[in-house]
Amino acid sequence: MTAPSDQTPDQQPDARLRADAERNRDRILAAARRLFATEGLGVSMASVAREAGVGKATLGRRFATREELINAVFADRMDAYAAAVAEALADPDPWHGFTGYIHAVCAMQAGDRGFADVLTMSFPAAKALEARRTESYNGFLELIARAKNSGHLREDFVPEDLVILQMANAGVIAATGDAAPDTWRRLVGHMLRSYAAPGAPIPALPEAPAPTALYRAMVRLTRTGSGAA
């Protein structure tokens, strides 16, 4: 059989190899997203390979380090993180922009346990991810200044307070899981109230989780010994 004039027989295997490599990469990314979202960043690379249906060597060829994989998995979420800052800065009401941003970021954490971890950790080798984080941080500094100038944000609020909130929020999300999934909203509501200067419009406080839901979360923690299950 004669090969088409525009493609030699030697080129066909190369094309198949490239297609296979791309499919493997897509499977790895999809598997990592699923595992990171439900179990956090503590998932092993071996678990990602198993979930993707590829060998560890194949995973290593596509992503040589965990940081490379994390960078690829969370690139779109870090874009959304940066976009949230830009949207908040565009709000003509600085205090409303500030509170909306805090809630948006915490909601992102609640929607993806892996991203909850990313926001409270540093990955120096993941250059693109860290660049977006820096961009978001600089925007947040401007957001703080605007909210303080409006007289609605406490003068003693510092950027580190957001990191503390994110750490606390990540812990609540991990601890409550599906047993009381909206508990984080109550935490954020209380914290926004603590950030408000006297006379600032106070956001409505979300309802507390039902006692039975919190009890289920406590039982879950007892069984797992941590919030990682």
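**Where α6 meets α8**

Guide: Let's begin where Pro94, Gly97, Phe98, Tyr101 and Ile102 of helix α6 meet Phe140, Leu143, Ile144, Arg146 and Ala147 of helix α8. Here, contact means heavy atoms within 4.5 Å. By class, this meeting place has 8 nonpolar, 1 polar and 1 charged residues. In that count, Ala, Val, Leu, Ile, Met, Phe, Trp, Tyr, Cys and Pro are nonpolar, Asp, Glu, Lys and Arg are charged, and the others, Gly among them, are polar.

Before we go on, please note that this is a predicted model, where local features need pLDDT of at least 70 and side-chain atom pairs count only at pLDDT 80 or more, while totals for chains, interfaces and linings use all residues. Residues are numbered from 1 along each chain as its sequence is written, and side-chain values use heavy atoms, with hydrogens and water left out.

Now for the geometry. Two packed helices are described by the angle between their axes and the distance between the axes. Helix α6 covers residues 94-111 and helix α8 covers residues 127-149; their axes are 8 Å apart and the packing angle is about 140°. An axis is a line fitted to C-alpha atoms, for helices over the stretch in contact, and angles run from 0 to 180 degrees between N-to-C directions. The angle is why α6 and α8 are called oblique to each other: under 35 degrees counts as roughly parallel, over 145 as roughly antiparallel, 65 to 115 as roughly perpendicular, and the rest as oblique. The crossing of α6 and α8 is left-handed, a word used if the near helix is turned anticlockwise from the far one by less than a right angle, with right-handed used if clockwise.

Let's zoom in on Tyr101. Not counting residues up to four places away in sequence, Tyr101 touches Tyr81, Ala84, Val85, Ala88, Phe140, Leu143 and Leu162. Tyr101 is also, with Phe98 and Ile102, one of the residues with the most contacts inside the largest nonpolar core, which has 51 residues. A nonpolar core is a set of buried Ala, Val, Leu, Ile, Met, Phe, Trp, Tyr and Cys residues joined through side-chain atoms within 4.5 Å. Buried means under 20% relative accessible area, exposed over 50%, and partly exposed in between (1.4 Å probe, protein chains only). In soluble globular proteins, nonpolar side chains tend to be buried together.

Helix α8 has another partner to look at. The axes of α5 (residues 75-90) and α8 come within 9 Å and cross at roughly 20°. That angle makes α5 roughly parallel to α8. This crossing, too, is left-handed. On the α5 side, the contact includes Tyr81, Val85 and Ala88, three residues that Tyr101 also touches. On the α8 side, Phe140, Leu143 and Arg146 are among the residues involved, and these also belong to the contact with α6. The residues joining α5 and α8 divide into 9 nonpolar, 2 polar and 6 charged.

Asn71 lies in helix α4 (residues 66-73) and counts as buried at 19% relative accessibility. Leaving aside neighbours within four places in sequence, Asn71 is in contact with Ala126, Lys127, Ala128 and Leu129.

Finally, step back to the whole chain. Its secondary structure comes to 11 helices and 0 strands, where helices (H or I, at least four residues) and strands (E, at least two) are DSSP runs numbered from the N terminus. Buried residues make up 38% of the 229 residues. Of the contacts between residues at least 6 apart in sequence, 68% join residues at least 24 apart.
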